[in-house]
Amino acid sequence: MVLRAGGGCAGCGEVRADDAAGLDWAVATLLDQRLTEVSRTAPAFAAALRGYRAATAAGEPATADAVLAWLGGQPHVAAAARRVAGVRGDLDHFAALSFLQGLLTVLRDSGHPGLLLVLDEVETLQRVRSDARDKALNALRQLIDEVHSGRFPGLYLVITGTPAFYDGPQGVQRLAPLAQRLAVDFSTEARFDNPRAVQIRLPGFTVDSLVELGGRVRDLYVTGSTAPDRVRSLADDGYLRQLAEAVAGGLGGKVGIAPRLFLKKLVGDVLDRIDQFPDFDPRRHYALTLSSAEMSDVERNATRADEISLDV
């Protein structure tokens, strides 16, 4: 059998499958060509990828894993592994942004449209030391500017936080340039919010939206279920509404904090049992219980601490 190297590997020609040396050379040549653009923006990233490939080809999985650990920013990677990859020191925040450029290039050349990067719960920055908080806020500002300038083509950046983080004195408002970049007027009615704005207001959950969420989770669940028809039938939208109302009622009617427990009960207590036990009917065999041990502080504060039994 003859393999023809493709993907723009000029000069690779044809290589026989039983010609190990020739195949290795062709792969290395193609890898160098594919990493040419990456090398211009993130030479250390490209070197590490070459080192990973070399260690893998040489049958040294421990070295290959160590190179991957260095790529992932792990500290104290063995010097021998770094020498194989031709890199030095630990990965710092300056190199990390260059590596992000390299990763986007690799993803694009692999046929992916880009990368979704979510920085979740950034409001926790309000609880760190003031000097660390100021550095983090400035890093957010720099990252936003870099994305806007086009340095990271194919990157979609999502930053999530509470209103207090965006509007309070210990959050975004602490750094005027960042506040200016994220400023959005929310004085109009929520139904007229601009989905193209830099900041989007998320509405709180209602019973209807809990039912919609439960329906989507149920539909995902049935794709791997052994009894999809029974799951759809017994956990229909009517039952999902009963469960949503019961969970919200157990939390003092505060629907906004109900999604976590609602989904936990839906999957673990209802869908799994329907899937495993042919005679299980949640309307007859399941009574919802909310225990303080399984609640977060917010959920616990919304109800009493002892166990609550609710019939669904």
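## Helix α10 against helix α13

In this predicted model, helix α10 passes helix α13 in a right-handed crossing; a crossing is right-handed if the near helix is turned clockwise from the far one by less than a right angle, and left-handed if anticlockwise. Helix α10 covers residues 207-222 and helix α13 residues 259-276. Helices here are DSSP runs of H or I with at least four residues, strands are runs of E with at least two, and both are numbered from the N terminus. Two packed helices are described by the angle between their axes and the distance between the axes. For α10 and α13, the axes come within 11 Å and cross at roughly 40°. The axes are lines fitted to C-alpha atoms, for helices over the stretch in contact, with angles running from 0 to 180 degrees between N-to-C directions.

On the α10 side, the contact is made by Leu210, Leu213, Gly214, Val217, Arg218 and Tyr221. On the α13 side, Pro259, Phe262, Leu263, Leu266, Val267, Leu271, Asp272 and Asp275 take part. Contact means heavy atoms within 4.5 Å. The residues of this contact divide into ten nonpolar, one polar and three charged. In this division, Ala, Val, Leu, Ile, Met, Phe, Trp, Tyr, Cys and Pro count as nonpolar, Asp, Glu, Lys and Arg as charged, and the others, Gly among them, as polar.

## Basis of the values

Residues are numbered from 1 along each chain as its sequence is written, and side-chain values use heavy atoms, with hydrogens and water left out. As the model is predicted, local features need pLDDT of at least 70 and side-chain atom pairs count only at pLDDT 80 or more, while totals for chains, interfaces and linings use all residues.

## Strands β3 and β4

Strand β3 (residues 115-119) pairs with strand β4 (residues 155-159) in the parallel sense, over five bridges. Two strands pair if DSSP finds at least two bridges between them. Val118 stands opposite Val158 in β4. From β3 the chain crosses to β4 through helix α7 (residues 130-149), and this β-α-β crossover is right-handed. That term applies if, with the strands pointing away from the viewer, the path from the first strand over the helix to the second runs clockwise.

## Loop residues

Most residues other than glycine have a negative phi. His76, in the loop between α4 (61-71) and α5 (79-85), has a positive phi near 60°. His76 is exposed, at 73% relative accessible area; exposed means over 50%, buried under 20%, and partly exposed in between (1.4 Å probe, protein chains only). Glu121 also has a positive phi, near 55°, and lies in the loop between β3 and α7. Its relative accessibility of 45% makes Glu121 partly exposed.

Thr162 is in the loop between β4 and α8 (163-167) and is partly exposed at 30%. Leaving aside neighbours within four places in sequence, Thr162 is in contact with Glu123 and Gln126. Its C-alpha atom is separated by 8.2 Å from that of Val122, 40 residues apart along the chain.

Thr63 is in helix α4 and counts as buried, at 18% relative accessibility. Not counting residues up to four places away in sequence, Thr63 touches Ala55, Ala81 and Val84.

Asp32 is found in helix α1 (residues 20-34) and is partly exposed at 37%. Asp32 and Arg50, 18 residues apart in sequence, are 8.2 Å apart from C-alpha to C-alpha.
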